[in-house]
Amino acid sequence: MPDAPAPSASSPVPAAAAVPVPAHFQTFLAFDFGLKRTGVASGNRLLQTATPQPTIKAEGDARFAQVEARIKEWQPDALVIGVPYHPDGAPHENTRRAQKFARQLRGRFNLQVFEVDERYSTTEALSSGARDADAASACIILEQFLRSLP
């Protein structure tokens, strides 16, 4: 894999990159953004595991109301968003939508948001037989992120 510049809180995180995440950030909520459904997972740095949460089946402001309820329930230190790319790494329309969602989360909830390259997470979730592919994808995204932490 070619060397990439160090990721920031607003750039995608390659699978094996070390992420500049403050050590006091211990708990995270992850989202696998979709137009109709958004997968959700919770996890922590200590165990480096993620737990699926019920998928958000809403759009627009209704989606943000449900995100807000999850944030209030879990009190995460930061959020993790899966950002899809073409297999060759090129962005596409859903890349831009996920990045917009990340910006909206930052603005609405004043939490640090980390973006993770989530290519193939849904394929992996489906191949593992997940009943809720969106929540399973969010788990894959979050565990990839947690494994990248020092």
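User: Why is Thr95 called buried?

Analyst: Thr95 has a relative accessible area of 1%. Buried means under 20%, exposed means over 50%, and partly exposed is what sits in between (1.4 Å probe, protein chains only). The value for Thr95 is 1%, so Thr95 counts as buried. Before we go on: this is a predicted model, where local features need pLDDT of at least 70 and side-chain atom pairs count only at pLDDT 80 or more, while totals for chains, interfaces and linings use all residues. Residues are numbered from 1 along each chain as its sequence is written, and side-chain values use heavy atoms, with hydrogens and water left out.

User: Where is Thr95, and what is it in contact with?

Analyst: Thr95 is in helix 2. Helices are DSSP runs of H or I with at least four residues, strands are runs of E with at least two, and both are numbered from the N terminus. If you skip neighbours within four places in sequence, Thr95 is in contact (heavy atoms within 4.5 Å) with Val83, Pro84 and Tyr85.

User: Is Ser42 buried or exposed, and how do you know?

Analyst: Ser42 has 7% relative accessibility, so it counts as buried. It belongs to strand 3, and its side chain joins that of Gln53 through a polar contact of 3.0 Å. Leaving out residues up to four places away in sequence, Ser42 touches a whole list of partners, including Phe28, Leu29, Trp74 and Leu142.

User: Why is Asp88 called exposed?

Analyst: Asp88 has a relative accessible area of 65%, so it lands on the exposed side of the cut-off. You'll find Asp88 in the loop between strand 5 and helix 2. A polar atom of its side chain lies 2.9 Å from the backbone nitrogen of Ala90. From Asp88 to Arg119 it's 31 residues in sequence and 9.9 Å in space, C-alpha to C-alpha.

User: What about Gln48 and Gln75? How exposed are they?

Analyst: Gln48 has 35%, so it's partly exposed, while Gln75 has 56%, so it's exposed. Gln48 sits in the loop between strand 3 (38-44) and strand 4 (49-56). Gln75 sits in the loop between helix 1 (60-74) and strand 5 (78-83). Gln48 has a positive phi of about 55 degrees although it isn't a glycine. Gln75, also not a glycine, has a positive phi near 50 degrees.

User: How many aromatic pairs are there?

Analyst: The count comes to five. Take Phe114 and Phe145, a tilted pair with 5.4 Å centre to centre and 35 degrees between the planes.

User: What makes that pair of Phe114 and Phe145 tilted?

Analyst: Rings of Phe, Tyr and Trp (its six-membered ring) pair if their centres lie within 6.5 Å; planes under 30 degrees apart count as stacked, over 60 as edge-to-face and the rest as tilted. The planes of Phe114 and Phe145 are 35 degrees apart, so tilted is the label that's left. The pair links distant parts of the chain: Phe114 is in strand 6 (residues 112-117) and Phe145 in helix 4 (residues 133-147), 31 residues apart. Both Phe114 and Phe145 are buried. Elsewhere, ring pairs link Phe31, Phe33, Phe64 and Phe101 into a cluster.

User: And how does the chain look as a whole?

Analyst: It has four helices and six strands, running β-β-β-β-α-β-α-β-α-α from the N terminus on. Buried residues make up 47% of the 150 residues in the chain. Among contacts with a separation of 6 or more, 63% come from residues 24 or more positions apart.

Key:
A polar contact is a pair of N or O atoms within 3.5 Å; within protein, one must be able to donate a hydrogen and the other to accept it, and residues adjacent in sequence count only if both atoms are side-chain atoms.
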